[in-house]
Amino acid sequence: MTDPIADYLTRVRNAIRAGHRVVTIPASNIKKEITKILFDQGYILNYKFEDGDTPQGIIKIALKYDGDNVSAIKNLHRVSRPGLRQYAGYKDMPRVLNGLGIAIVSTSQGVMTNKEAKNRKIGGEVLCYVY
């Protein structure tokens, strides 16, 4: 697998389209940080890090739906890819859906949202858009 973050986003996207309540994903440190951000921003219901077959373990994510089985996550879009990295300074930080969505950014101070990175005045690699 050449892009584990794209695999993470695809697994979540596929689980939402199939109507699953829980999705299991192989863990890594950056995937754990992305999961924490999705939980803090209210896009997922809950998550749990477990020890599994892999040395890093697994992540179990409980997806969030409203009463009509419509997911809280409308779209997950991978921005920076291994062959085409996308960096943004804090002044050029992208706004997703005019501020309604978030961009997840990998900075020198950790993985955070675009709003938090802009407030701290640090730039970084734009990993994905969530809305």
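Analyst: Arg78 is buried, because its relative accessible area is 12% and buried means under 20% relative accessible area, exposed over 50% and partly exposed in between (1.4 Å probe, protein chains only). This is a predicted model, in which local features need pLDDT of at least 70 and side-chain atom pairs count only at pLDDT 80 or more, while totals for chains, interfaces and linings use all residues. Residues are numbered from 1 along each chain as its sequence is written, and side-chain values use heavy atoms, with hydrogens and water left out.

Arg78 belongs to strand S4 (residues 76-78); helices (H or I, at least four residues) and strands (E, at least two) are DSSP runs, numbered from the N terminus. Its side chain makes a polar contact with the side chain of Asp3 at 3.0 Å. A polar contact is a pair of N or O atoms within 3.5 Å; within protein, one must be able to donate a hydrogen and the other to accept it, and residues adjacent in sequence count only if both atoms are side-chain atoms. The side chain of Arg78 also reaches the backbone oxygen of Ser80, at 2.6 Å. With neighbours within four places in sequence left aside, Arg78 is in contact (heavy atoms within 4.5 Å) with Asp3, Ile5, Ala6, Leu9, Arg85, Leu127 and Cys128.

The wider setting includes nonpolar cores, each a set of buried Ala, Val, Leu, Ile, Met, Phe, Trp, Tyr and Cys residues joined through side-chain atoms within 4.5 Å. The largest has 26 residues, and Val12, Ile61, Leu63, Ile104 and Val130 have the most contacts inside it. At least two residues of this core come from each of helix H1 (4-18), strand S1 (22-26), H2, S3, strand S6 (102-107) and strand S8 (124-130). H1 gives the most, with six residues. Another core, of ten residues, lies apart from it and has Val79, Ala103, Met112 and Ile122 among its members.

Helix H2 comprises residues 29-40, and its end C-alpha atoms are 17 Å apart. This agrees with the 16 Å that its twelve residues should span at 1.5 Å a residue, because the expected span is 1.5 Å times one less than the number of residues. Within H2, Lys31, Lys32, Ile34, Thr35, Ile37 and Leu38 are buried. Gly42, whose phi is positive, near 85 degrees, follows H2.

By contrast with Arg78, which is buried, Asp51 is exposed, with a relative accessible area of 78%. Asp51 is placed in the loop between strand S2 (44-50) and strand S3 (58-63).
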